[in-house]
Amino acid sequence: MWRSMRATDLAAVSAISDAVHGRFTEPLAVYAGRLDLYPAGCFVLEQDDTVAGYLISHPWHREDPPKLGALPGAIPPDADAWYLHDLALLPAARGAGAGRAALDLVKAQARARGFADIALMAVGGADRYWTRQGFAYVPRDADPSYGDDAYLMLGAI
């Protein structure tokens, strides 16, 4: 179901982000930058020869997530967590285990690289989903790039 993301997938990734994330969508250049930054952490969900979702993750600092809509630069050499930057599924791809498979993929990558946990920013009510997946809230000041209803969350591997 999940396969490595290619540059030719970026238009579909951007369209899915626009459809799923609303005001939290990012410019296509950010997705291209993430793919360039860490291709081993970028995947798409392919269903019936159509891209129906995407997953972007990479090593990063646990309590300092990259700003929304910004290119992160380089992977920090002292990264202390695996960062799940984005997971988006079109409605037709939900409910069949694709989200769970994506999280399993992220956990396997993080574990293989020696990380003990996964960090993410939950926006738009997604914190409820991530709580059910075992993630916990990390108290912190609001990040203006994500808005007041965004939560930094950590999940053990």
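Buried means under 20% relative accessible area, exposed over 50% and partly exposed in between, using a 1.4 Å probe and protein chains only. The model shown is predicted, so local features need pLDDT of at least 70 and side-chain atom pairs count only at pLDDT 80 or more, while totals for chains, interfaces and linings use all residues. Residues are numbered from 1 along each chain as its sequence is written, and side-chain values use heavy atoms, with hydrogens and water left out.

**View A. Glycine 41 sits in the loop between helix H2 (28-37) and strand S2 (42-47).** Helices (H or I, at least four residues) and strands (E, at least two) are DSSP runs, numbered from the N terminus. With a relative accessible area of 0%, glycine 41 is buried. Leaving aside residues up to four places away in sequence, glycine 41 touches Leu55, Ile56, Ser57 and Gln109; contact here means heavy atoms within 4.5 Å. Look for serine 57: 16 residues separate it from glycine 41 in sequence, yet their C-alpha atoms are 4.8 Å apart.

**View B. The whole structure holds six aromatic pairs, and here is one of them.** The ring centres of tyrosine 129 and tryptophan 130 are 4.9 Å apart with planes at 80°, so this pair is edge-to-face. Rings of Phe, Tyr and Trp (its six-membered ring) pair if their centres lie within 6.5 Å; planes under 30 degrees apart count as stacked, over 60 as edge-to-face and the rest as tilted. Tyrosine 129 is partly exposed at 27% relative accessibility, whereas tryptophan 130 is buried at 7%.

**View C. Tryptophan 130 also pairs edge-to-face with phenylalanine 135.** Their centres are 5.2 Å apart, with 70° between the planes. Phenylalanine 135 is buried, at 5% relative accessibility.
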